[in-house]
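Please prepare a briefing on the fold, the salt bridges and some individual residues of the model shown here. Keep it short and grouped by topic.

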Amino acid sequence: MHNNDPRFVEDTKPIHQLHYEEAAELAYFGAKILHPTCVLPAKAAGIPVRLLNTLDPTAEGTLIDSRHKENGQIKAVAAKDNITAIKIVSTRMLLQTGFLRKVFEIFETFNTPIDTVTTSEVGVSMTIDNTDYLANITNELRKYGIVVVDRDMCIICVVGDLRSENTGFESTITNALRNIPIRMISYGGSNHNITFLISQADKQAALQALSRELFQQ
């Protein structure tokens with residue numbers, strides 16, 4: 001597994017070691033070499049996983065386990081395409097309980113998983129990659145507030161040791177994306193990733209900017 005997508009970024013480098021959670025985040029958010037559901041059984045059983053290169057069998061590859069954790073590092077960047085963002089704005093959220101439950105139940109009703117979520121006092125934004133029931137979902141959401149849909153989006157995921165005590169990583173990452181319009185930022189749900197929602201058209205520029213800032217200094 002490489003630290004960025006070699007289809008869009010030059011001079012990517014292999015990752016020597018990943019924690020299970022780091023590997024799962026990368027797999028879910030675009031690293032196609034590994035299916036996201038295969039990491040959890042290995043973690044539960046404590047079985048290390050090594051990814052090798054069929055074109056270069058002698059290469060070290062990438063070791064996925066929890067015993068050789070490399071702290072204080074940004075490991076890799078991945079991107080997930082064909083994302084749709086849905087924002088609902090409603091004053092009914094203000095100081096009310098149960099509002100988010102009602103919103104999430106709509107997605108559950110239409111069997112549509114949510115990738116990322118950000119909230120404010122009067123609004124919530126979510127991303128999905130399955131739009132089969134988008135019209136049904138938005139129709140139901142409009143019962144609770146104003147709904148805005150943004151298509152042709154992309155999730156950029158930066159993975160590493162992003163615990164709060166490791167200060168400075170967030171500013172470095174956001175500085176790398178200073179020229180990229182950002183629709184959403186999701187951070188704090190995991191110690192291992194920070195995600196940005198951007199336009200699909202800005203994907204390559206974002207990946208290249210992050211590579212320069214994070215891995216080529």
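Is Lys143 buried or exposed? Lys143 is exposed, with a relative accessible area of 52%; buried means under 20%, exposed over 50%, and partly exposed in between, with a 1.4 Å probe and protein chains only.

This is a predicted model, in which local features need pLDDT of at least 70 and side-chain atom pairs count only at pLDDT 80 or more, while totals for chains, interfaces and linings use all residues. Residues are numbered from 1 along each chain as its sequence is written, and side-chain values use heavy atoms, leaving out hydrogens and water.

**Six-stranded sheet**

- An open antiparallel sheet holds 6 strands in the order E5-E6-E4-E7-E9-E8. Strands (E, at least two residues) and helices (H or I, at least four) are DSSP runs, numbered from the N terminus. Two strands pair if DSSP finds at least two bridges between them.
- E5 (117-119) and E8 (182-187) are the edge strands, each with a single partner, so one side of each has no neighbour in the sheet.
- From one strand to the next, the twist averages 25°. Axes are lines fitted to C-alpha atoms, for helices over the stretch in contact, and angles run from 0 to 180 degrees between N-to-C directions.
- Helix H1 (residues 20-28) packs on this sheet and touches E4 (74-89), E7 and E9 (193-199). The direction of H1 makes about 55° with that of E4. Contact means heavy atoms within 4.5 Å.
- E5 and E6 (residues 123-128) pair over 3 bridges. Thr118 has Ser125 of E6 as its bridge partner.
- E4 and E7 are joined by 12 bridges. Val89 is partnered by Ile146 in E7.
- E7 and E9 share 7 bridges. Met153 is partnered by Ser199 in E9.
- Strands of a sheet pair through backbone hydrogen bonds, either parallel or antiparallel.

**Three-stranded sheet**

- An open sheet of 3 strands has the order E1-E3-E2 and mixed pairing.
- E1 (17-18) and E2 (49-51) are its edge strands, each pairing on one side only.
- E2 and E3 (residues 62-64) run antiparallel, joined by 3 bridges. Arg50 has Leu63 of E3 as its bridge partner.

**Salt bridges**

- The count comes to 11 salt bridges. A salt bridge is a side-chain nitrogen of Lys or Arg within 4 Å of a carboxyl oxygen of Asp or Glu.
- Glu22 pairs with Lys75, the closest N and O atoms being 3.0 Å apart. Glu22 is in helix H1 and Lys75 in strand E4, 53 residues apart. Glu22 is buried at 2% relative accessible area, and Lys75 is buried at 6%.
- Asp81 and Lys203 also meet in a salt bridge, at 3.0 Å from N to O. Asp81 lies in E4 and Lys203 in helix H6 (residues 203-215), so the pair ties together parts 122 residues apart in sequence. Asp81 is partly exposed at 29%, whereas Lys203 is buried at 5%.
- Lys143 bridges to Glu140 at 2.9 Å, N to O. Glu140 is partly exposed at 28%.
- A network of salt bridges links Lys80, Asp115 and Asp129.

- Ile137 lies in helix H4 (residues 134-141) and is buried, at 0% relative accessible area. Beyond residues up to four places away in sequence, Ile137 touches Ile86, Ile106, Phe107, Phe110 and Thr112. The C-alpha atoms of Ile137 and Thr112 are 9.0 Å apart, across 25 residues of chain.
- Val117 is in strand E5 and is partly exposed, at 31%. Leaving aside neighbours within four places in sequence, the contacts of Val117 include Phe104, Met184 and Ser186.

**Backbone points to check**

- Most residues other than glycine have a negative phi.
- Asn82, in strand E4, has a positive phi of about 60°. Asn82 is exposed at 61%.
- Asn111 has a positive phi near 50°. Asn111 sits in the loop between helix H3 (99-109) and E5, exposed at 62%.
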